[in-house]
Every structure is written in structure tokens, then in C-alpha cells.
Amino acid sequence: KVPVACKDTPGFVVNRLLVPYMVQSLALLERGDATKEDIDAAMQHGWGHPMGPITLTDYVGLDTTLSILEGWVARFPKEPAFATPEGLRKKVAEKKLGRKSGEGFYKWQGDKKV
């Protein structure tokens with residue numbers, strides 16, 4: 001691990017970049033711009049990420065992602081990077097939390113998408 005310095009900002013450096021990235025992928029999906037599979041494949045193969053952003057959101061937990069966003073929105077209500085996709089709220093309300101519940105944007109069996 002390598003420590004880095006930053007000002008006090010929501011999520012510090014990694015999560016401040018990661019969560020809006022995940023949110024933008026969900027916004028692409030909601031608008032119908034691309035499928036979840038194509039969004040994930042683009043970032044895996046185009047940027048070399050080990051998993052795509054929608055898979056990652058399912059892996060982290062949709063409820064966890066929503067909780068992070070709600071906290072940030074409460075503190076910074078005018079920050080557009082924290083706009084919460086309705087599809088995320090809907091899935092959490094339906095208890096489709098991702099890997100931990102067996103279904104989110106994908107279906108899961110243990111740590112594997114099915």
C-alpha cells in the first residue's frame with residue numbers, strides 16, 4: 001500500500017473517483033446507451049480493469065453504494081457527480097443488493113456471476 005495525501009473530500013481520492021465512475025456506468029445503462037455487459041467489457045478490455053463498473057457495483061453491494069451516495073448528497077447536495085440513479089434506488093428497494101443477495105444488476109452464486 002502507498003499512502004497519498006489529499007484535502008478532506010468525500011471518499012478521499014479512491015472512492016471519490018470510483019463511486020462517480022460506477023454511478024456514470026449506471027446512468028449509461030438507464031439511458032439505454034449500452035448494455036451492462038458492453039459497459040463492463042469496455043472498461044475491462046479498453047482500460048484493463050479487472051471487472052467492469054456494473055459488476056463492481058454489484059460486488060460492492062448496491063445498498064452500500066446507495067448509502068455512500070446518500071451521505072455525500074446530504075453533505076454536498078449540488079454536486080452533480082453524486083446524482084443517484086433511480087435504477088439503483090429501485091434495486092435496493094427490491095432487496096436486490098448484488099452479490100450479497102444473489103441478484104443485483106446481474107445474478108450471482110457465491111462470488112461468481114451466473
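Which residues in helix 2 meet which residues in helix 3? Lys36, Ile39, Asp40 and Met43 in helix 2 are in contact (heavy atoms within 4.5 Å) with Pro53, Ile54 and Thr55 in helix 3. By class, this contact has 4 nonpolar, 1 polar and 2 charged residues, where Ala, Val, Leu, Ile, Met, Phe, Trp, Tyr, Cys and Pro count as nonpolar, Asp, Glu, Lys and Arg as charged, and the others, Gly among them, as polar.

This is a predicted model, in which local features need pLDDT of at least 70 and side-chain atom pairs count only at pLDDT 80 or more, whereas totals for chains, interfaces and linings use all residues. Residues are numbered from 1 along each chain as its sequence is written, and side-chain values use heavy atoms, with hydrogens and water left out.

The axes of helix 2 and helix 3 come within 7 Å and cross at roughly 100°; the two helices are therefore roughly perpendicular (65 to 115 degrees) to each other.

| Helix 5 (residues 86-93) | Residues |
|---|---|
| Buried | Leu88, Lys91, Val92 |
| Exposed | Glu86, Lys90, Ala93 |

The buried residues of helix 5 are Leu88, Lys91 and Val92, and they cover an arc of only 100° around the axis, which puts them on the same side of helix 5. These buried residues pack against helix 1 (14-31) and helix 4 (62-75).

How values were computed
Axes are lines fitted to C-alpha atoms, for helices over the stretch in contact, and angles run from 0 to 180 degrees between N-to-C directions. Helices (H or I, at least four residues) and strands (E, at least two) are DSSP runs, numbered from the N terminus. Angles under 35 degrees count as roughly parallel, over 145 as roughly antiparallel, 65 to 115 as roughly perpendicular and the rest as oblique. Buried means under 20% relative accessible area, exposed over 50%, partly exposed in between (1.4 Å probe, protein chains only). The arc is that of the directions from the helix axis to the C-beta atoms.
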